[in-house]
Amino acid sequence: MKDTHLTIQLGTWLSAGSPVITEQISMFPFDWLLFDLEHGCMTANNLLSNLQAVACPEIKCIVRPGSYDPAWWGRMLDWGVDGIMMPHVHSAGEVREYVKALYYPPKGVRGVSKTARAYRYGLSGSGQDLDAFRPVFLAQIETVEGLEQVEEIAAVEEVDILFVGPSDLQQALGGTNFMDYHAALMKVACAAKKRNKLCGILVRDPADLPELIRMGYTFIAMGSDQGMIRAGYEQLFSGFYENR
């Protein structure tokens, strides 16, 4: 990816699995959307319809699968996914194995289909350069093991973004004396900066943004479809009962 460290790239989490919700959210000026297959109700069966529902072609579509499956990852890329976010990355060795699924031989193991949605069902022409598209790879740092190896993970060429999973990371650090959460965030940000990689995180409280941006976190996810729906109805009912 190009060097955009000084530019905030704003995304949001989609896990409801509803193409209607996805379509509506994609009408807002997000830079990227995360389709979450690790948690929530997004599944292999409704991912394609959700990708087709994205209203703005400039929005990057990133999928977080629940596990490593080269055939499934290749299929998602054929459907037009722009990148993969892998949860619970523990080591650079794992990453080197994962990224093989993103590339065609000889660099990787992805199978070739020039009639896939990613190539406009063959309408892009037989001369399509298969190596012109470089999938984005996001390594989620959310375990103690991942923190211990974060510099080595960042050093892998195909890693574009180190992305902190705040809930898992705080849970993992809670029962250890390894370091506190703030120090862990700094460690990830420093590793990303050292290797000229982007650094990202899911943010629930906008008040946390200034400090995170100062640290170097610029690939920011704000909220989720299910969380925003819940918050909207909580506000509706709060106002309803206050005015009765």
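These are my notebook entries on one protein chain, looked up in a predicted model.

**Overall build**

I started with the fold elements and found ten helices and eight strands in the protein chain. Next I checked the radius of gyration: 19 Å, close to the 18 Å from the globule rule for 244 residues, so the chain is as compact as a globular protein of that length. The C-alpha trace spans about 65 × 45 × 30 Å along its principal axes.

I then looked at how the chain packs. Of its 244 residues, 45% count as buried. For contacts with a separation of 6 or more, 63% are between residues 24 or more positions apart.

For the surface, I got about 12,400 Å² of accessible area, with 54% of it belonging to carbon and sulfur atoms. I also looked up the charges: 21 positive and 29 negative, with their mean positions 5 Å apart.

**Cores**

Which residues touch the most other members of the largest nonpolar core? I noted Phe35, Leu47, Trp73, Phe137, Leu162, Val188 and Tyr217, out of 56 residues in that core. Helix α8, residues 181–194, supplies the largest share of this core, with six residues. There is also a second, separate core of 13 residues, and I wrote down Trp13, Leu34, Leu198 and Phe219 as being among them.

I took Phe137 for a closer look. Leaving aside neighbours within four places in sequence, its contacts include Trp73, Ile84, Met86, Val95, Tyr98, Val99 and Leu102.

Thr143 sits in the loop between β5 (136–141) and α5 (144–148). Is Thr143 buried or exposed? I have it as buried, because its relative accessible area is 9% and the cut-off is under 20%. Beyond neighbours within four places in sequence, Thr143 is in contact with His88, Val89, His90, Leu169 and Ala172. I checked one of those pairs by C-alpha atoms: Thr143 and Val89 are separated by 7.7 Å, though 54 residues apart along the chain.

His88, one of those contacts of Thr143, got its own entry. His88 is in the loop between β4 (83–86) and α4, and it has a positive phi of about 55° despite not being a glycine. Its relative accessible area is 26%, which makes His88 partly exposed.

**Gly223**

Gly223 is in strand β8, residues 219–224. With a relative accessible area of 21%, Gly223 comes out as partly exposed; I note that the cut-off for buried is under 20%. Which residues does Gly223 touch, not counting those up to four places away in sequence? I listed Thr12, Trp13, Leu202 and Val203. Thr12 is 211 residues from Gly223 along the chain, yet their C-alpha atoms are separated by 5.8 Å. Trp13, another of these contacts, is the residue I had already noted in the second core.

I found a cis peptide bond from Pro105 to Pro106, with omega near 10°. Pro106 lies in the loop between α4 (92–98) and β5.

Tyr121 is also found in the loop between α4 and β5. Tyr121 is not a glycine, but I read a positive phi of about 55° for it. Is Tyr121 buried or exposed? Tyr121 counts as exposed, at 52% relative accessibility.

Technical notes:
Residues numbered from 1 in each chain as written. Predicted model: local features only at pLDDT ≥ 70, side-chain atom pairs only at ≥ 80, totals over all residues. Heavy atoms only, no water. Helix = DSSP H or I, 4+ residues; strand = E, 2+ residues; numbered from the N terminus. Rg over C-alpha atoms; globule rule 2.2 N^0.38 Å. Buried < 20%, exposed > 50% of the residue type's maximum accessible area, 1.4 Å probe, protein only. Contact = heavy atoms within 4.5 Å. Areas by Shrake-Rupley, 256 points an atom, 1.4 Å probe, with all protein chains shown as cover. Lys, Arg positive; Asp, Glu negative; His and termini not counted. Charge placed at Lys NZ, Arg CZ, Asp CG, Glu CD. Core = buried A, V, L, I, M, F, W, Y, C linked by side-chain atoms within 4.5 Å.
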